[in-house]
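I opened this notebook to keep track of what I looked up, entry by entry. The structure goes in below before any notes on it.

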Amino acid sequence: MNKLPLIIKREYLAKVRNKSFVVMTFLSPILMVGMVVLIAYLTKINDNEKRVIGLLNESDYFSTDFNPTESVSFVRFDDISLQAAKDSTERMGFYGLLHIPNENNLKMVTENSFFYTKDAPSTSVLDRIENIFQDRLRKRRLQELGVSTEEFATMDSAFELRTATFAGQTNLKGINEIKAFIGGGFGYLIMMFIIIYGGFVMRSVIEEKTSRIIEVIISSVKPFQLMLGKIIGTSLAGITQFVIWIISGVLLLFVAFSIFDIDPSALSNGPNTANMVVGMTPPVPTADQTMKLYAQELFQIPWVMLISFFIIYFILGYLIYSSIYAAIGAAVDNETDTQQFIFPIILPLMLAIYVGFFSVFSNPHGPIAVGFSLFPLTSPIVMLMRLPGGIGEGGVPIWQVVTSILLLIGTFIGIVWLAAKIYRVGILMYGKKPTYKELLRWLKY
Amino acid sequence: MNNILVTEEVTKRFGKHIALNKVSLEIPKNSIYGLLGPNGAGKTTLIRIINQITFPDSGKVFFDGELLKPQHIAMIGYLPEERGLYKSMKVGEQALYLAQLKGLSKAEAKKRLKFWFERLEIGDWWNKKVQELSKGMAQKIQFIVTVLHEPKLLIFDEPFSGFDPINANIIKDEILRLKENGTSIIFSTHRMESVEELCEYIALLHESEKILDGRLSDIKKAYKRNIFKVGLEVENGDELLKELMEKFDIATSTYDLKERQLDFTVQLPSNDSGEMLSYLSNRANVNLYLETIPSANEIFIQTVKNKGIHE
């Protein structure tokens, strides 16, 4: 008679019916979406603010260069002194005053120009003005060199070095980062899941100890069965929560954006577009095509492979860590005693994330990336960051994937065995604050 | 087989500490067996071995003639000393869960629970949460869950702790009734006085070793030292006492002159009290004659003392 399903069911229901769990499940997406919407809304308001800049141009240059844009407009002052211009700028509440003095040549003019503001000016406004000066200077220099503006326009075409693998696969610049980012997302998901639901497993074990029900239960089932049932039940509850979060989060975002009329893309590249408009460089003519290529490349990411490996690494990684969490819960009497044991668990997880973001992104097949993607405590996260590049030629070598999974399975068996031993002894120990030395001794009981 | 459970030289170590040292017991069927000893003697370790929560380093355990196996778990009911319930679960749901863990089907468990809830008059608790119950109430639930699957062997570790006297009596009656119905019961406690009225057999554990076991009445017979309490109605008690003291081994004595009542305890060389009685009946009116039987506690203390001397 198999009692595991019974235990899983109870653990699942106990978790899912828990009030704070329910509140978290439904409140988190609302809070998260609320945050995103708030940020987007504030950004939008910020962008909508139109800045008026006073312009005192005493030179012969720049008569046609300062044109109003969406966020900046210029008010020209003519034939007044700098002091008068400053005063009126301040009186009228303008953002600042740009003073271009009358000098002999363009170089002198630009070098002696000043931008006066009440407070330190925002970098985006400065960028804009600097761009205008730069363009003007460049044009001037070109003229001196005898190149016409039209000729320059043809010359100034965007260039990107195209890259390809030896196998002849075309690479796109930055696609490695994007791929690693997707893998990183999966890795991050695993880490979050382990920390949140591993903690749940631990607290659930502590609860059984403090409520003294543990001995009643293990007189009916094996401690290992109870531990496993607890881990599976809790993770099923966790998956339920995650799915609810994702679905409701997406729905809420969609609803919120349509209500507030926010363009989500404005969030990510708002400031850049502003700069590009001002810059004289025409937009790269192949942008659409590049986007298409990126999209194509993203479609070419082996999603099925990636998701199956995500599931493998997720299950193994989660089981390893949550059984350690269960052992910790069994070893202590209350949650405050867990700190000393939790830190060493979180350490490899954090390490994996940081190593992933700093090393794997820039060099997915470097020695550090390989090492950490083989080491069992970090491999679930780091390997997933490497995998979007594919397996085999041009991607992660097959032997590395196989080794990493074998190591992970070996560690899984070893750790679960150790954790089950500590768990078995620990759940019946009361009133002692265990040390590492004591835990080692328990392994021999 | 007349024994429900037999242990053969069961030994268990925790690191350097020996929790059980070659403990051999025979627990007869259909009896209440007292497992006695002070805290730390190894009672709980032995019980956990019987429940297969821990395993002996050496020695064997037989259940109903077979070597102890995992499926025997379903035939044992265990009420641990450290007991509790899930606080946030409802009473009925929790009882069902624990019963199912013992191998009962859901329908059967429900039927039996209904019966027991009625019997102990707690029918309206079904939908209460455990955290709303008092300690005594929770104990009743735990008792029901322990006996629900009608095990052949019941193990109660300090069953009366946490009960008020009225409920303790209810539970005691239930334990006796279960015994009447053929269940074998192990009753573990360090409070010796509660043993006398329940246990037919006892074993004494002390410092990880069994120092004494057997039928309680036999043990008591073996341990009684022919001490009698005697009460006499007599005119000249002082004189008689003097005579008696020469002839017999008188331990303590009191003489109430006004009531002419002489009381004393005497230790006789053998269990034959005929000589003494005939001697007394000629001289006084005997109104009390009682053999003192040692209590389990006295036996325990004496055994531990003797053991110390022998070693």
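The entries below go from whole chains down to single residues.

**Entry 1: what kind of model.** I noted at the start that this is a predicted model. I kept in mind that local features need pLDDT of at least 70 here.

**Entry 2: chain A.** I looked up the secondary structure of chain A and found 17 helices and six strands. Of the 445 residues in chain A, 43% are buried. For the accessible surface of chain A I wrote down about 24200 Å², with 65% of that area belonging to carbon and sulfur atoms. I then took the contacts in chain A between residues at least 6 apart in sequence; 73% of these join residues at least 24 apart.

**Entry 3: domains of chain A.** Which stretches belong to domain 1 of chain A? The assignment gives 4-34, 174-259 and 295-442 for domain 1. Domain 2 of chain A covers 49-154. I looked up the centres of the two domains of chain A, taken over C-alpha atoms, and they are separated by 56 Å.

**Entry 4: chain B.** Chain B has nine helices and 14 strands. Its radius of gyration is 25 Å, whereas the globule rule gives 19 Å for 311 residues, so chain B is more spread out than a compact globule. Along the principal axes, the C-alpha atoms of chain B fill a box of roughly 75 × 45 × 35 Å. I noted that buried residues make up 50% of chain B. Among contacts in chain B with a separation of 6 or more, 69% are between residues 24 or more positions apart.

**Entry 5: surface and charge of chain B.** The accessible surface of chain B is about 15100 Å², and carbon and sulfur atoms hold 49% of it. I looked up the charged side chains of chain B and found 42 positive and 44 negative ones. The centres of these two sets lie 9 Å apart.

**Entry 6: domains of chain B.** Chain B is divided into domain 1 (3-221) and domain 2 (225-291). How many Å separate the centres of these two domains of chain B? I found 46 Å, taken over C-alpha atoms.

**Entry 7: helix α2 of chain B.** I went through helix α2 (residues 91-101) of chain B residue by residue. Ten of its eleven residues are buried, so the helix is largely enclosed by the rest of the structure. Among the buried residues are B:Val91, B:Gly92, B:Leu96, B:Tyr97 and B:Leu101. What covers the buried residues of α2(B)? The cover includes α1 (4-17) and α8 (214-218) of chain A, together with α3 (106-119) and α4 of chain B. Just after α2(B), I noted that B:Gly103 takes a positive phi of about 105°.

**Entry 8: B:Leu46.** I found B:Leu46 in helix α1 of chain B. Is B:Leu46 buried or exposed? It counts as buried, because its relative accessibility is 1% and the cut-off for buried is under 20%. Leaving out residues up to four places away in sequence, B:Leu46 touches B:Thr7, B:Leu20, B:Val23, B:Leu25, B:Leu35 and B:Leu205. I also looked up B:Leu46 and B:Val10, which are 36 residues apart along the chain; their C-alpha atoms are separated by 8.3 Å.

**Entry 9: B:Gly214.** Strand β10 (residues 209-215) of chain B holds B:Gly214. At 23% relative accessibility, B:Gly214 counts as partly exposed. Not counting residues up to four places away in sequence, B:Gly214 touches B:Tyr201, B:Ile202 and B:Ile219.

**Entry 10: two positive phi values.** I looked up two residues of chain B that are not glycine. B:Gln52 has a positive phi of about 60°, and B:Glu150 has a positive phi near 45°. Where is B:Gln52? I found B:Gln52 in the loop between α1 (43-50) and β4 (58-63) of chain B. B:Glu150 is in the loop between α4 (135-147) and β7 (153-157) of chain B. For accessibility, B:Gln52 is buried, with a relative accessible area of 8%, whereas B:Glu150 is exposed, with 59%.

Technical notes. Residues numbered from 1 in each chain as written. Chains lettered and ligands numbered in written order. Predicted model: local features only at pLDDT ≥ 70, side-chain atom pairs only at ≥ 80, totals over all residues. Heavy atoms only, no water. Domains from an automatic or database assignment. Helix = DSSP H or I, 4+ residues; strand = E, 2+ residues; numbered from the N terminus. Buried < 20%, exposed > 50% of the residue type's maximum accessible area, 1.4 Å probe, protein only. Rg over C-alpha atoms; globule rule 2.2 N^0.38 Å. Contact = heavy atoms within 4.5 Å. Areas by Shrake-Rupley, 256 points an atom, 1.4 Å probe, with all protein chains shown as cover. Lys, Arg positive; Asp, Glu negative; His and termini not counted. Charge placed at Lys NZ, Arg CZ, Asp CG, Glu CD.
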